[in-house]
Structures are given as structure tokens and as C-alpha cells.
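Trainee: I've got a model open on my screen and would like to learn how to read it. Could you walk me through it, one feature at a time?

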Number of protein chains: 2
Amino acid sequence: MSASTALMTDRYELTMLDAALRDGTAGRRCVFELFARRLSGGRRFGVVGGTGRLLSLLRDFRFGDDELRFLRDGGVVSPEAVTYLENYRFTGSMTGYREGELYFPGSPILTVEGSFADAVILETLALSVLNHDSAVATAASRMSIAAGDRPLAEMGSRRTNEASAIASARIAYIAGFHATSNLEAGRAWGIPTMGTAAHAWTLLHDSEEDAFRAQIESLGTGTTLLVDTYDIRKGVETAIRVAGTELGGVRLDSGDLPTVAASVRAQLDELGATGTKITVTSDLDEYAIAALAASPVDAYGVGTSVVTGSGHPAAGMVYKLVARQGSDGGWVSVSKTAEGKGSQGGRKNAFRVLENGTAVQELVEVADGFEQLSPASEYPDARALQVPLVIDGEPVAEHEGAAGVAAAREHHLRVREELPIRALALSRSDPAIPTIYKDAGEA
Amino acid sequence: MSASTALMTDRYELTMLDAALRDGTAGRRCVFELFARRLSGGRRFGVVGGTGRLLSLLRDFRFGDDELRFLRDGGVVSPEAVTYLENYRFTGSMTGYREGELYFPGSPILTVEGSFADAVILETLALSVLNHDSAVATAASRMSIAAGDRPLAEMGSRRTNEASAIASARIAYIAGFHATSNLEAGRAWGIPTMGTAAHAWTLLHDSEEDAFRAQIESLGTGTTLLVDTYDIRKGVETAIRVAGTELGGVRLDSGDLPTVAASVRAQLDELGATGTKITVTSDLDEYAIAALAASPVDAYGVGTSVVTGSGHPAAGMVYKLVARQGSDGGWVSVSKTAEGKGSQGGRKNAFRVLENGTAVQELVEVADGFEQLSPASEYPDARALQVPLVIDGEPVAEHEGAAGVAAAREHHLRVREELPIRALALSRSDPAIPTIYKDAGEA
């Protein structure tokens, strides 16, 4: 794959740009907005994911020789458009919700300002990153809430595309997970990595005992042994015989977990291994985690369900033109009226209104034209939700890299505290707080 | 991201390798098998996806300075293991199902042979690629069957991770789609790209008429106009007024499609635009496509549902040790017995048994030890399903790149013809043909 991200783009964006260059609209200043019309799956809140990644990918959104050759030779766009793209670099600005922030229907998660040509071609990349990462973030945050204080590890790399796996490990950590099995996520984003052993490890050896002994010799008594390759009861017995009662942990990857965990706990206690922890990893999702709250489980490992958004792998965000300059240079709010897919025109400012520290409303002020609104002073108990992300084409570096990940995780855990209690339930419902639109003039 | 794929790996694979280097089992010859215990979602067949990508990613599975530094400084493995990994290159072999081939529960989709150290660390990468791509392939093939002869385009890039998007476009094409909106998939894999225009294009202009006129001037009368930004009836009227009755097509992206398509067809015919085609793109999946079979629709564009595997984003494949050398050098079949997750030990050969050209059985011969089976002559009406994919560490190049994609698509469309009629129904059911295991000795 090319190091350029410029062709992670739907063809129609470039053909629209081409047509706009011809008819003179390419230079019209535009405001695009990325938002979700609803929360997938009856979720009570959404979690913004991917912002830091998007900024880094934007740095590589340049058309190099390979990209230009493809566009030219394939006749995708005209020679004039190829020339334009040769020099393309996003020079507009982006403001938006911090990564890890919560969102609700209509929240203006990302606002992109620039010429039509500048902004229209970022639609696919912005949506790919934010739809995927936010879907995983939202599922992960619910799992993290369900797990309470127990450590939670992301282990789903094998159940999603190899690049999605890295992004998923990253965003699950931001949303409250404690570690990942994915080594590249550790290297690239500074996320703690963890692991136990596979069934293959036991099967490789002439006996389960040989396998356990070798693992302990290599990783120490604090390691976690996988005890369900053959018979769990015998596995636990062998584990403690080999490791002693100081064994760090055992992992259970099959069976009816509440039952099995209780019987393994009893067996470990009987054998004197009262400090040996139990990690469970079999087909967990937020509901299974919640159902194990009263079981003697010490840590969870989650695979498929977190990396696939627990039934909702895409967050359903869209990228819409909400305001533009008209032929007279003045600003016009625009919106489509397609059935069931309407949008709210106009540039927006967003605030989370709090009462005694608890969120009660997502307040979205809608500007008539383009002017930057700054009415925060009108809402003493409201938190302004938008921050600068890209200024004159330059990404704000604090959101990127490992430092960005750490800051996003901290932000997420802090703002989650503002949620009303009803937001923490797992069942399908309406959003936990309503989104209220207000004309800027009313302030 | 690093160009190396070596850390797209779960941590436990490297710690197992480390422990195996210490206890002398790292060199034991092993056979790992990648297979699915069941078909997700009551599907009647599965489609193998990702093989060609896996081979190319395997070429980059080398530990470079960045990867080694991370492993050493993070204390992931011992210095001895770091030294081993420094020189790591897969030197084993792989055989397996061709990309685009059908599979059923237990089909030995990929067989990896090598030392334990060689083969154990490919688990995550192999599963990530095949689980993701096969999930998309299976959904895409069902959509392709439902669409019949009507063109089908993949337009889901914005609904999945930006790298998954490219892989999804590639595998949807292999599974019968005709084109993609994703430009990088066009560049990297030679897949035809397509596109129309977005609502933003209409909103950018002072009127819908201006927008249509500019699009036609740029792309010609053969283009497809998006007619539902405001009022569909007026949009169609404007489209034909501006383009004339030779307009290539109109796109509908909202509303109750059977109703809307019928009324738009009637309006187009009334206006004399009898050759203008109707493309529909709103929230389609295989069921919606099938429901439109009798509607006057000419082409489909599918987004979210294809790139997310239509409700089943991971194929549920696993990678298990099935045979290994014992301490005496002889071969041992191995399998775990964990509840609900058992596996069938032993190296396998697979055949699709046909009767009058129709598949009736997935025949899986299980070897007692390691020996290469070659009983094809015993089954005159059976097709051998496994081909060499990697020989002594070297990927077989014909499966890679754009040529590999073209060959896989051709293979898929050919073998799909072997399916019995009942396999083509969309409702949940058992696999279309049974998987029969047979001891090699019985042949």
C-alpha cells in the first residue's frame, strides 16, 4: 500500500472537484459537518474515536506520483484536476470534539472549513476513521463500565482486519480498557500489552504438566496458565502442583463461565492458592461481563465483540455541507430534505449543559451564516465541546501520537463521570440527554 | 505505521516462542490449521477471502529495528528471543483453499507447516486477514446472487476502517461485485471504480439545475444524477430538462425504494427518457436487494452492510495446532477438548464431491500422522480443494496482486455454479452440503 492516504477516497469526491474546477464553484468557502443522526443500537451515549488518527492521516493526504498516475491514466479526472491535485494540501481548518468525548444525535463532532475543493475530498477518510473508531469506542466504554474496577484487556485482533485491529486496540484503551494483546498498538501508541498462552502451547508439549512447567520457567510464577485444554479440574490441579500456590492466574476460555469460575475459585482456595486470579476470555461482550459481576472473576479479556462494535460496527456518522458562500460572497445555510435523511443547516457551536456536575442537555447553537459564535459566557454551567484540531492546514499536534492517546483516555474517563446514572444501563433506550437546537440569535 | 507486519501479532505468540526456545520445543515440526467451526449467521456457504493479501503481508513479516527495539526495551521477550526474531523469516509452507473458493464447517482452509517457532507467530495475522475478508466475501457473494445480472457496486468505504475499506472493496469484487467507489482499491488491485455525485454537490450550487448542468458539462450526458436532495419528482424533471432524454442515469438514496423506483421509472418513461437507468443506494443489504428484484431498478450500490459482513463482521475462523512431532521425532495428531471448542486433530486433505456437476459433500480426509495424502484418484467426481500457497517460505506469486484478484474472482464465479439450488436461498439454515470426515486409511 502507498504511504499516501489520498486515495482512501470515494471516486465521486474527485469527480465533483473536477466539475467544480470547471464551473468556478471549487473556490466557494464551505462548512462541512460530521455528525450522527442517531446512536446505533439504542445506545445511551456515543464516544468519539479516531480524531488523533485522522489528524496524522491528514498529514499524509498528498497526491504523489503513484496516485496522480492512476488518476491520469485511468481517466478518473481531467488533466486540469490532476494538476490541481498535484499541489493539493488541506489548507482549511477543523474544529471538533476531543477524542474520548461523548456525543449524542446531532452533536457537531467535526466541523471542516475550507474551499469546496479543500474540504469535499476529505469526506471518506474522515468518515472511515471516525465511524470505525467511534463504534469500537462506544462498545468499549460500555464494557469498561460493566467491568467496574476489574482489569479489562482487548484481545480481538484476530477478529478484524489487521489494520483495524491496531486502531481498535488504541481506541478500546482510550475508552477505558487497560491493555491489549496487539503488539503494534503497543509500539505505535504506547498502550500496555498483555498475554497468556494459547491451547497450542499445551498441545505442543507431551503433557499439560510439561507445558505449564516450561511457561513458568520462562515467564515466572506470576504468569497466567490456560487450564481448559483438556479437563479444567485436572488442569487447575496440575497448575498449582507445578507452580505452587503463588501462581499468578489461570485463564478460562470455554464453558458456562459463572459456573466454571465459581468451581475453579473453590478449587483454587481449597488448594491454598487463594491469591491466584481468574481471567475469563470466552465470547465476552458487555452483557456477559455484567452477568459475571457477582462471580469470582478477577479480569476479563474481550475479543470479537469489542473490535466489531458489539453488533454495531459502524457508528453511522455522515459528512454534510451545512453552509457555503453564495455567488454574492455572502453565507448561506444549506440542508437537504431527503426523506429520513434531513440535515440541520448552519455552522454550530456545542455545549454540554450540566446541573450539579451532571449532564442534562446537549446544547447546539446554530448560526445563521458563518460567523464564529462565542456565547459560552451565556451558559455558566455549560462546557464548550469544540476545540481547534487543524489550524490553517496544520494539525494541532497535542492530539496525535501516544500523548494524544493518553490525553484522550484521561478526558474520556473524566467526562464519563458527568453522565447521569441512567446512561450507564446497557439496555436499549433513548439517548441519555436530549439534544436541543437553538438559533444563535436567541442567546 | 511501520511497513513491517511482524507486530500485527498477539503478545502471547512471542512469549510462547520465547518459552519454546528455552525448553527446546521451538524446533518441533508442527501443522497448524485455519478453519471455521461453523458458518456465521446460518449462512449456507462461506467464501474464502484474503489469501492473496496474506501472502503479500507475509513477505513483510520481518522484524526490523523498530520492532526489535520495542520488544527488547519493553521486555516483551528475552534477549535470546530478540536475537532469534532478528533473523526470523517464515521458511515453512502453506497449502490451502484458493481465494474465492467456497468453504464449509471444518474445511481446512489454510494449513501451515513449519517449526513451532515458524508457525505459531503467524496466528494473528492469518486470522485477521482471513476472518475479515471471508466475512465480507460471504456477505458480498450473497448480495451478488440476489442482484442477478444487475450491476452491483461497493460503496461502503466510509463505514469501515480506512484500511479495511480497501480490503473490502477488493474482496467484494472477487465475490461478484462489479466495481467500487474506493480509489485506492482501483490503484492497488485493478478494480473498476465508479461514482455519481453527493448531496453536497447540489447544495454547493445556487440551484439543483445549476448543479446538474455543471455535472453534465464535466462528465457528459452519460453521467448519473442524484435526484433526491430536495423533491424527487422535481429533481427528475429538472434532470431530464437539463440533460435531455439521453441522460445515463439517476440515483435514489432515500425513501421506500420499491415505491420510489416505480414512480421514478414511470416519470422517466413519460418524459421519454426510457433508456435512463435507475441506481439505488439507500441502506441496501442482500434482503433489500432481493426485495427489489421485481422493481424497475438497473443497478445497486451497497455500503455499510457489505463492508461489515451484513451482521457478521468476523467469520469466526480459528488457527489450531493439529499435528506435531513428538519427543521421539514421530508425528502425533493433537486436539483440545475444551467444551464447545473441540478441534479435529491431524493433517487433512479436502475434496468437494460432485454429482452431475453439483456439490454434494465436503470430504475431509484426516491423516493419522503427517504424511502427504494423495487420494484424489479415489474420487473421480471430486475436486481437490487445496493448492500450494507458500513453498519453503516463498509465496506463490500467482495469488498476489491484481492478477491474483482477477483469478480469484473468476474462480469464485465458477465454483459458485457448483452449489445446489438450496444454497442460494438467503434465509438461515444449515450448511448447503455436509462435511464428512474420513480416516485416510479408509480410502
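**Reading the model, feature by feature**

Mentor: Let's start with one side chain. Leaving out residues up to four places away in sequence, Y300(B) touches A147(B), R150(B), P151(B), L152(B), A153(B), V280(B), L284(B), I289(B), L292(B) and A293(B). Keep in mind that this is a predicted model.

Trainee: Which secondary structure element of chain B holds Y300(B), and is Y300(B) buried or exposed?

Mentor: Y300(B) sits in strand β11, residues 299-302 of chain B. With a relative accessible area of 2%, Y300(B) is buried, since buried means under 20%.

Trainee: Where does V307(A) lie, and what is it in contact with?

Mentor: V307(A) belongs to helix α14, residues 304-307 of chain A. Its relative accessibility is 4%, so V307(A) counts as buried. Beyond its neighbours within four places in sequence, V307(A) is in contact with H132(A), V136(A), E154(A), G156(A), R159(A), T160(A) and S168(A).

Trainee: Let's zoom out. How many helices and strands does chain A have?

Mentor: There are 15 helices and 19 strands in chain A. The C-alpha atoms fill a box of roughly 85 × 55 × 35 Å, taken along the principal axes. Of the 443 residues in chain A, 64% are buried.

Trainee: And what share of the contacts in chain A comes from residues 24 or more positions apart?

Mentor: Counting contacts with a separation of 6 or more, 76% are between residues 24 or more positions apart.

Trainee: What about the surface and the charges of chain A?

Mentor: The accessible surface of chain A is about 15,100 Å², and 48% of it belongs to carbon and sulfur atoms. For charge, chain A carries 42 positive and 58 negative side chains. The centres of those two sets lie 2 Å apart.

Trainee: Now helices, please. What's the general idea?

Mentor: An α-helix has 3.6 residues a turn, so residues three or four places apart point the same way. Helix α6 of chain A, residues 123-147, has 25 residues and should span 36 Å at 1.5 Å a residue. Its end C-alpha atoms are 35 Å apart, which agrees.

Trainee: How many of the 25 residues of α6(A) are buried?

Mentor: 23 of the 25 are buried, so α6(A) is largely enclosed by the rest of the structure. One residue to look at in this helix is T138(A). At 5% relative accessibility, T138(A) counts as buried. Leaving aside neighbours within four places in sequence, T138(A) is in contact with R43(A), F45(A), G46(A), V47(A) and Y103(A).

Trainee: What follows α6(A)?

Mentor: Next comes G148(A), whose phi is positive, near 60°.

Trainee: And how does α6 look in chain B?

Mentor: In chain B, helix α6 covers residues 123-147 and reaches 35 Å from its first C-alpha to its last, close to the 36 Å expected at 1.5 Å a residue. This helix is mostly covered, with 23 of its 25 residues buried. Just after α6(B), G148(B) takes a positive phi of about 60°.

Terms used
Residues numbered from 1 in each chain as written. Chains lettered and ligands numbered in written order. Predicted model: local features only at pLDDT ≥ 70, side-chain atom pairs only at ≥ 80, totals over all residues. Heavy atoms only, no water. Helix = DSSP H or I, 4+ residues; strand = E, 2+ residues; numbered from the N terminus. Buried < 20%, exposed > 50% of the residue type's maximum accessible area, 1.4 Å probe, protein only. Contact = heavy atoms within 4.5 Å. Areas by Shrake-Rupley, 256 points an atom, 1.4 Å probe, with all protein chains shown as cover. Lys, Arg positive; Asp, Glu negative; His and termini not counted. Charge placed at Lys NZ, Arg CZ, Asp CG, Glu CD. Expected span 1.5 Å × (residues − 1).
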